[in-house]
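Visitor: Please pick one part of this model and go through it closely. I would like to know what it touches and how it lies against its surroundings.

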Amino acid sequence: MRRYFGRKLLIYILTFFLAVTIDWLIPRFMPGNPVQTMLSRAALRAEAVEVMYGYYTRAFGLDVPIWQQYLNFWNALFHGDLGTSVYMFPQPVTKVIMRAVPYDIFLLLPAILLSWYAGNHFGAFAARTKWLDNTILPVGYILTATPYMWLGILLAWVFGIVLGVFPIAGAYSFALRPHLSWTFIRSVLHHWFLPFASLFLVMFGGWAIGMRNMIIYELEADYSHYLEALGAPRRLVRKYAFRNAILPQITGLALQLGVIAAGALVTEVVFSYPGIGYLILAAIQNQDYFLIQGCFLFIIIGVLLANFAIDIAYVIVDPRTRLGMTGEAA
Amino acid sequence: MSLQVENLTVYYQTLRGDVQALESATFTVADGEIMGLAGESGCGKTTLAHSLIRLTPPMRFVEGRVELDDEELPVWDMERMNDFRFKKISIIPQYAMNAMNPTRKIGKMTSELLESRKVDFKATLPELKRRLNLVELSHDVLNMYPIELSGGMKQRMVMVLSTLMNPSLLIADEVTSALDVSSQKAVVEMLVGFRDRGFVKSLIVITHDISILYQIADSIMIMYAGQLAEKASTEVIIHAPRHPYTKLLIASLPKVGVKYSEKRLTGIPGSPPLLLDPPIGCRFRERCPVAFEKCLDVPPFIEIEKDHFVACWKEFEKNAQA
């Protein structure tokens, strides 16, 4: 057990190191210069630009050689410093991200977990139930094939424009400032519903289809046939099939949970929802090295943590992993 | 009479039409009888077994009547059969090695199965442990997952599980196929032991290995291409078969004391017909050395001597002359 997790941990640390290095490299491959982009927005005189350019380059630590920048980056990272945002100068990146994260979690965690739970149970129930299989599952196929933003736009149009029952932009009413009151909470929930619904529906379709196919496969497995031959009721046969069919779905869930930190980029853009996805788009458009790095760092940590959690979950639900832990195959 | 099967006909549905895998099977298995069911691959042995306990699509029930202990088995009705399965009729499947759920401990699975059949697991546990002793399995297996057992152990566990409710009829489908010769012997002796102890009343042992049947079976039934060919006591089938197919089948078995480097072992020329569109009449006709025009009609499965059933026109003629 110790050896298994020790080895896993080593792999995770290695992956983290590599991923963060790539994360640091990628923005720097972009053509252009963040300081110039920033200064070009403020219409300044030529000599003022020169002075400002020198000042900001030093302020962002872009004046030292590239290898030095890399070392400085790791050094700062271990001190919990992700740098200063260029786009939202002079706010630190940590603060900008922390402001966006709660919206992400609030939007995506319920969408992913609820769609996973509902989709799996519905899919398992629909499999081999003739009328459901023939009527509702095609709907599932359509849902899962729907692009998030298209469904988002559609919902925004129907419920926001035509019926006018839900707002279509922002995380809360533009007339309010974030504070703790019923008015604010109601406003947040009101704005949350449409982006949530668009994410939930698309993911629900995917989980339901996946589960239905897995269950049909498991119901044809030998152990299911044996249970039937011994007269086990349909409920028990299905329960056992579900237990086996859920394993690949857990992996899928882990991957989904990992990208919570990434936000749902297109959905957040459609609904102007101030999550990380929205932030990433703004950061890229403004060549904000530090904000891009920060956002992707969150994604990396999220994916790794989720995978680690799933490694543990697998050990609990699938005895075969437990046996493998002592062997080299783990 | 423990099991009585009349005119049982079961087809497989395919896109190209019905595969006539089992055609009007009529036979009986007596109380305490171990009946071997032999024949080559694809002759309908497993179809016969499955249609007695778990008749699911693509299998299609065409006609027939099955009685077990004077009660009719609704083999065509998956739901109603549940009352009989496990308690009256049970099976050790061909796939015994994969028969148990990989993600449940064996004991837990057993208890959930029993509770779902309204049987008290706690009350059954001592008997279960006694039977584990009989097949030389430690009680620890109940706390293990199937992957922690070897193939032979899984096989024995399934044997114990399938017979736990003392069914009247047990079908053992190819139980020895995946085992080495010494384990084969142990397994078949356990089956006989189960019968002798009264765990099961009668047994149908399906195999293509006639030598196994010679050791344990009271009677042997031979099938060919979905039709019953011959049924008689083991001694008669081995030493005095009447059906031409049985004769050739027995003749093609190697014999002790014969050097096959000097004398080539003979087989049966030709191959079995496709059952999607089987030949009319006796299906062995085309490979049969004694076939004649009468064989264009399907021969009935008739008792020509006491407990000796044959489906062959030639033998009927001989019998009439004698």
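Guide: Two residues are in contact when heavy atoms of theirs lie within 4.5 Å. A helix is a DSSP run of H or I with at least four residues, a strand is a run of E with at least two, and both are numbered from the N terminus. The model is predicted, and local features need pLDDT of at least 70, side-chain atom pairs count only at pLDDT 80 or more, while totals for chains, interfaces and linings use all residues. Residues are numbered from 1 along each chain as its sequence is written, chains are lettered from A and ligands numbered from 1 in the order in which they are written, and side-chain values use heavy atoms, with hydrogens and water left out.

Chain A has 14 helices and zero strands. The part to look at is helix α10 of chain A, residues 234-258.

Start with its partner α5(A), residues 93-126. The axes of α5(A) and α10(A) come within 11 Å and cross at roughly 155°. Axes here are lines fitted to C-alpha atoms, for helices over the stretch in contact, and angles run from 0 to 180 degrees between N-to-C directions. The angle makes α5(A) roughly antiparallel to α10(A). For such angles, under 35 degrees counts as roughly parallel, over 145 as roughly antiparallel, 65 to 115 as roughly perpendicular and the rest as oblique. The crossing of α5(A) with α10(A) is right-handed. A crossing is right-handed if the near helix is turned clockwise from the far one by less than a right angle, and left-handed if anticlockwise. On the α5(A) side the contact includes L109(A), W116(A) and F125(A), and on the α10(A) side it includes F242(A), I246(A) and L257(A). By class, this contact has 11 nonpolar, four polar and one charged residues. Ala, Val, Leu, Ile, Met, Phe, Trp, Tyr, Cys and Pro count as nonpolar, Asp, Glu, Lys and Arg as charged, and the others, Gly among them, as polar.

The next partner is α9(A), residues 222-229, whose axis comes within 10 Å of that of α10(A) and crosses it at roughly 165°. That makes α9(A) roughly antiparallel to α10(A). This crossing is also right-handed. The contact takes in Y223(A), S224(A), L227(A) and E228(A) from α9(A), and L236(A), V237(A), Y240(A), A241(A) and N244(A) from α10(A). Six of these residues are nonpolar, two polar and one charged.

α10(A) also meets chain B, at helix α3(B), residues 106-116. Their axes come within 10 Å and cross at roughly 155°, and the two helices are therefore roughly antiparallel. L236(A), K239(A) and Y240(A) contact K108(B), M109(B), E112(B), L113(B) and S116(B).

Chains A and B bury about 2,400 Å² between them, 60% of it on carbon and sulfur atoms. In chain A, Y226(A), L230(A) and Y240(A) lose the most area to chain B, together 29% of what that side buries.

Side chains of opposite charge can pair when their charged atoms come close. A salt bridge is a side-chain nitrogen of Lys or Arg within 4 Å of a carboxyl oxygen of Asp or Glu. There are two between chain A and chain B. R54(B) forms a salt bridge with E228(A), with the closest N and O atoms 2.8 Å apart. E228(A) is also one of the α9(A) residues in contact with α10(A).

Terms used:
Buried area = accessible area lost by both parts, 1.4 Å probe.
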